[in-house]
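Here is a short briefing to read with the model open beside you. Take it one topic at a time, and check each point against the coordinates as you go.

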Amino acid sequence: MGTECPSLPAGWRKEEVTRKSGLSAGKTDVYYYSPSGKKFRSRPQLSRYLGNRVDLRCFDFRSGKMAPAGKHKTRQRPHETLARGGRGDLNTSLPIRQTASIFKQPVTKVIGHPGNKVKSDLQREAEPPRQLFWEKRLKGLRSLDVTEEVLKCMELPKGLQSLSPHSVGEGDEVLLAAIAAALHSSSSPVTGQAASSGVEKNPGVWISTSQPPCRAFTITQEHIREQEEVVFRTRRRLEEALLADGLACRDPHLS
DNA sequence: GGCTTCGGCAG
DNA sequence: CTGCCGAAGCC
């Protein structure tokens, strides 16, 4: 059934079926199958399922290929689609705008209001503006292993207090993702929201979008020691796994 | 019930 | 015309 589709993640297959009878005889229908076998028969359906994980903006459903980089408008930058700070071999880019994809949503552009100050030269701003609590969009993202099993989530140190409007528990999940995103996408220190900013009283008004939505925190020697321990244990587990597969020699970092 | 296949509508 | 999706028809 179907052939491997190179424009999609490994394991995705594409199938073309030609109609044999009826008024529409001769028409071909295109289907895709996920690695786990789920069938997809339209681009919106595929897009809903892949969500932010794959950028389908240039994907042509019928041919199964990424559309040739358009002449003028729909060009994507040749490089630096990844967020800053990411390593080249890891996809650490943040989720794409939902509205930029096939989701048609109107946008109102306000040119100017009398009395408002206009930010100078938006083109040269280091970072584009961010939506308040944009990190909520990271909710529910999970890492999967090759069998699509959900991997155990990391845990945040105790004492980090989320300031985003969430039920307890859910806020921690978003905060972890927000901090991970901040570490990957920004080269400036991650400090949380400044204590004096007023964010405690009214996060919706005072929160800074350039810092994850949590109270300011201090990192103690004990935190550092605990984290070193986590890294050490993880390295050891990786080493054991690689040795079991005969893929590595002993790591000199591990005594 | 699930899956395949075609009709038909909206853009 | 094409993409999408409801639903008839088949197993």
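Two strands count as paired if DSSP finds at least two bridges between them. With that in mind, Tyr-32 has Phe-40 in S4 as its bridge partner. Please keep in mind throughout that this is a predicted model.

**Overall layout**

- Chain A contains four helices and four strands.
- Read from the N terminus, the elements of chain A follow the order β-β-β-β-α-α-α-α.
- Chain A has 255 residues, of which 11% count as buried.
- Of the contacts in chain A between residues at least 6 apart in sequence, 44% link residues at least 24 apart.

**Strand pairing**

- Strand S2 covers residues 13–18 and strand S3 covers residues 28–33; the two run antiparallel and are joined by six bridges.
- Within that pairing, Glu-15 has Tyr-31 in S3 as its bridge partner.
- S3 is also joined to strand S4 (residues 39–40), again antiparallel, by two bridges.
- S3 and S4 make up a hairpin, with five residues lying between them.
- In the turn of this hairpin, Gly-37 has a positive phi of about 100°.

**Surface near DNA strand B**

- Which residues surround DNA strand B? They are Val-17, Arg-19, Lys-20, Ser-21, Gly-22, Leu-23, Ser-24, Asp-29 and Lys-39.
- By residue class, this surface near DNA strand B divides into two nonpolar, three polar and four charged residues.
- Val-17 belongs to this set and falls within the range of S2, residues 13–18.
- Asp-29 is also in the set, and its position lies within S3, residues 28–33.
- Lys-39, another of these residues, falls within S4, residues 39–40.

**Surface near DNA strand C**

- Around DNA strand C you will find Arg-41, Ser-42, Arg-43, Pro-44, Gln-45, Phe-61 and Arg-62.
- The surface near DNA strand C splits into two nonpolar, two polar and three charged residues.
- Arg-43, Pro-44 and Gln-45 are among the residues around DNA strand C, and they fall within helix H1 (43–50).

**A look at Arg-137**

- Where is Arg-137 placed? Arg-137 sits in the loop between helix H1 (43–50) and helix H2 (170–185).
- Is Arg-137 buried or partly exposed? Arg-137 counts as partly exposed because 19 other C-beta atoms lie within 10 Å, while a buried residue needs 20 or more.
- Arg-137 and Ala-177 are 40 residues apart in sequence, and their C-alpha atoms are 9.5 Å apart in space.

Definitions and conventions
Residues are numbered from 1 along each chain as its sequence is written. Chains are lettered from A and ligands numbered from 1 in the order in which they are written. This is a predicted model: local features need pLDDT of at least 70, side-chain atom pairs count only at pLDDT 80 or more; totals for chains, interfaces and linings use all residues. A residue is near a molecule or strand if its C-beta atom, placed from the backbone, lies within 6 Å of it. Ala, Val, Leu, Ile, Met, Phe, Trp, Tyr, Cys and Pro count as nonpolar, Asp, Glu, Lys and Arg as charged, and the others, Gly among them, as polar. A residue is buried if 20 or more other C-beta atoms lie within 10 Å of its own, exposed if 12 or fewer, and partly exposed in between; C-beta atoms are placed from the backbone. Two residues are in contact if their C-beta atoms, placed from the backbone, lie within 7 Å.
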